[in-house]
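This report is written for a reader who has not looked at the structure before. Please keep the sequence and the model in view while reading.

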Amino acid sequence: MVREDGADNIGSDKIVGKPILRKAKRVRRVQMKKSASEPHTVAEAEAKKMRAVNPAQYYRQNLGQLGFGDPEHALVQTIKELVDNSLDAAEAMGVLPEVTVTLTATEKEYEVITNRVKDGGIRKFPIFKISVEDNGCGVVRSKVAKAFGKVLYGSKFFSFKQSRGQQGLGVHAAIIYAQLTSLEPAVITTKTETDERAYRVVLKIDTEQNKPVVISSEEVPFNRPHGTRVELMVAGDYTKKVESFIKELSLANPHAELKFILKPTINGEERVVHYPRATETLPPQPKEIKPHILSMEPGALLEMISNDRCCKDAKQFLVKHFVRISEAKALQLLSAAKIPSSLPPKEIDIEALLKAAKEVDIMRPPLDVLSPIGEEALRQSLRRIYPDAEFIEATSREPWSYRGIPFQVEVAVAYGGASVANDCETVRPGVFKAKVIRLGNKCPLIYDSKDCLLYKTVKEINWRNYKLPQEEGTLPLAPMVIVVSLISTKVPYTVPGKFAVAYHDEIHEQLKLALQALGRMIHSYVTHRQKQEHERHRQSIFQIYAKEIARDLSLLSGVSQEEIFEKLMETVKIKTRPPEKRTPQQQEVQKPKGVPVEGIPAKLPPQDRKLRERSQHTLDAFIW
Ligand SMILES: Nc1ncnc2c1ncn2[C@@H]1O[C@H](COP(=O)(O)OP(=O)(O)OP(=O)(O)O)[C@@H](O)[C@H]1O
Ligand SMILES: [Mg+2]
């Protein structure tokens with residue numbers, strides 16, 4: 001309230017009277033209240049913005065960490081996540097997997113603003129309908145909504161058992177990506193062996209609440225006794241990566257029947273890529289184990305202790321929760337840590353316990369809990385994919401453990417032949433760089449190879465020791481596909497998207513030994529071929545003289561020239577033997593297929609050494 005002369009008259013009873021005064025006080029009180037609730041400092045302003053972030057919100061904003069950062073990666077990653085789950089579900093059931101993947105381009109498009117395209121800066125990607133159907137165990141009805149609609153919800157995270165899935169993230173990330181790019185929900189049809197009919201659920205994920213939103217559910221027929229079909233609409237960029245992923249997937253799972261029905265463009269032809277299984281033998285079932293105390297971080301152990309409700313003392317706690325801890329071992333461990341065995345678990349000195357665990361001799365975790373691909377299965381798989389490869393071999397190491405977690409490495413090679421060369425990078429005409437296929441629990445790892453221990457270890461090997469050309473710190477320059485497979489109850493990936501394996505000394509060491517063993521196999525094959533070539537060369541020279549000698553002898557003796565020639569040639573039959581077997585694992589070397597070697601001179605004159613580069617796509621180029 002302002003007086004005519006401009007002076008503030010609030011507070012002057014004489015002029016404004018009591019009702020006005022009360023009103024003014026009320027206004028001041030409201031103003032004071034308001035200013036009390038407004039932040040006075042930056043910290044207070046920040047505090048006002050604070051709220052809990054749920055995993056669905058987090059991953060919606062960081063889909064790149066899970067392989068859904070852009071349409072190219074996302075298309076491959078969607079197939080990978082769905083097929084991984086299918087293979088896991090079939091193996092959990094103990095049946096040979098049968099998986100059908102259908103990928104069809106639709107007319108719908110997804111537009112992104114980009115700097116890569118000049119006209120308007122908008123790039124369009126087709127929306128693909130992807131359906132993956134399996135003969136796995138299915139999902140019980142009461143769990144379907146959460147298994148597919150709640151991020152970080154799944155059956156594998158808490159089990160110490162080898163499986164492709166580990167986190168409870170994969171299919172959820174694919175569903176979030178699908179609903180972000182196509183606005184379409186996921187359709188899940190699933191049937192367990194005891195269900196009469198399948199259960200079909202259409203759902204979306206409410207990322208604000210991290211919970212499923214079921215749009216509809218009904219009973220439907222299903223053409224398998226048990227299994228699951230997941231259908232998604234996702235924006236994608238169909239590149240060569242899709243096809244190479246499919247190939248690597250079948251390589252890693254020779255016991256699986258994989259069928260891909262692909263229609264990457266609306267007007268294009270539908271193509272069926274079928275990989276019948278290379279072996280009818282189901283790999284051994286992986287076994288579930290308890291964690292090893294050496295694999296525990298102090299914080300994780302503390303949490304385990306605080307959540308324990310069933311153990312009355314420290315001894316019981318150790319025996320119940322950890323592998324390889326018998327009652328006697330628990331007592332030994334506790335006495336080394338100076339912890340009374342009757343102490344309640346909550347009072348355990350964690351640091352002392354973990355220190356003692358490193359000093360006391362605790363057995364490694366049982367190593368027969370893993371399910372490797374198998375050397376023979378790897379060979380069969382490679383032969384199926386590279387039928388004209390000259391040389392195919394596989395070898396593996398015994399299971400080992402890193403930080404108390406069991407793992408095993410297997411390696412294989414396919415060398416030479418046009419199909420192998422086609423898969424390798426051409427460095428210059430006729431010169432190829434080896435390709436590395438990385439597998440983590442039988443899943444191909446297709447991105448971030450440079451950060452991956454498996455890839456880095458292959459590069460680190462001195463392949464020149466095994467008669468293969470190699471430039472310093474690079475992959476060998478040879479038409480060769482090297483398969484490196486790591487299996488474990490927990491593969492140490494660098495990021496949740498499972499692109500690359502993190503460094504661990506023990507894995508590195510085992511991998512190096514396996515690759516060196518593979519190198520020796522290549523070396524002995526190369527040596528064998530060298531000898532063979534020398535022999536052929538010797539024969540070819542002898543042949544020239546033998547013809548003349550046979551003619552002269554025939555004139556002198558009257559015996560037919562052909563007969564003499566044949567006898568002479570018999571005396572120089574090939575004397576080379578196949579390479580020796582070095583270890584029981586080093587199987588018989590494959591006979592070279594489809595590579596004409598006759599007539600190639602054993603030693604090239606220096607000026608002809610360039611020929612090596614031209615014919616490098618067979619092994620012959622390296623055997624001089
Ligand atoms: N095809 C399927 N058959 C049976 N169960 C499935 C199938 N797909 C998903 N599930 C169930 O849904 C859960 C969640 O799957 P999701 O892919 O998100 O996580 P995960 O496979 O456990 O781990 P990861 O994040 O490493 O993939 C799985 O743990 C599994 O129990
Ligand atoms: Mg999964």
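The sections below go from the whole chain to the sheet, the ligand, and a few single residues.

## Basis and overall make-up

This is a predicted model, in which local features need pLDDT of at least 70, side-chain atom pairs count only at pLDDT 80 or more, and totals for chains, interfaces and linings use all residues. Residues are numbered from 1 along each chain as its sequence is written, while chains are lettered from A and ligands numbered from 1 in the order in which they are written.

The chain has 18 helices and 16 strands; helices (H or I, at least four residues) and strands (E, at least two) are DSSP runs numbered from the N terminus. Of its 624 residues, 39% are buried. A residue is buried if 20 or more other C-beta atoms lie within 10 Å of its own, exposed if 12 or fewer, and partly exposed in between, with C-beta atoms placed from the backbone. Among contacts with a separation of 6 or more, 71% are between residues 24 or more positions apart; a contact means that the C-beta atoms, placed from the backbone, lie within 7 Å.

## The open sheet

Eight strands form an open sheet with mixed pairing, in the order E5-E4-E3-E6-E2-E1-E7-E8. Two strands pair if DSSP finds at least two bridges between them. Strands E5 (211-220) and E8 (271-275) are at the edges and have a single partner strand each, so one side of each has no neighbour in the sheet. From one strand to the next, the twist averages 20 degrees.

Strand E1 (residues 98-113) runs parallel to strand E7 (residues 257-263), and 7 bridges join the two. In this pair, Val99 of the chain stands opposite Leu258 in E7. Helix H7 (residues 170-181) packs on the sheet and touches E1, E3 (186-191), E4 (198-206) and E6 (227-235). The direction of H7 makes about 40 degrees with that of E6, where axes are lines fitted to C-alpha atoms, for helices over the stretch in contact, and angles run from 0 to 180 degrees between N-to-C directions.

## Around ligand 1

The shell around ligand 1 has 22 residues, and the closest are Asn85, Ala89, Gly154, Gly165 and Gly170. Such a residue has its C-beta atom, placed from the backbone, within 6 Å of the molecule. Helices H5 (71-93) and H7 are the elements that give two or more residues to this shell, and H5 supplies the largest share, 5 residues.

By type, the shell divides into 6 nonpolar, 12 polar and 4 charged residues. Here Ala, Val, Leu, Ile, Met, Phe, Trp, Tyr, Cys and Pro count as nonpolar, Asp, Glu, Lys and Arg as charged, and the others, Gly among them, as polar.

Helix H13 (residues 375-385) has the buried residues Ala377, Leu378, Arg379, Ser381, Leu382 and Ile385. Their cover includes helix H8 (240-252) and strands E9 (391-396), E11 (405-415) and E16 (480-488).

Ala550 belongs to helix H16 (residues 505-557). Ala550 counts as buried because it has 21 C-beta neighbours inside 10 Å. Leaving out residues up to four places away in sequence, Ala550 touches Gln561, Ile564, Phe565 and Leu568.

## Two residues with positive phi

Most residues other than glycine have a negative phi. Asn210, in the loop between E4 and E5, has a positive phi of about 50 degrees. Lys442, in the loop between strands E14 (435-440) and E15 (443-445), has a phi near 70 degrees. Asn210 is buried, with 21 C-beta neighbours inside 10 Å, and Lys442 is buried with 26 other C-beta atoms within 10 Å.

How values were computed:
Two residues are in contact if their C-beta atoms, placed from the backbone, lie within 7 Å.
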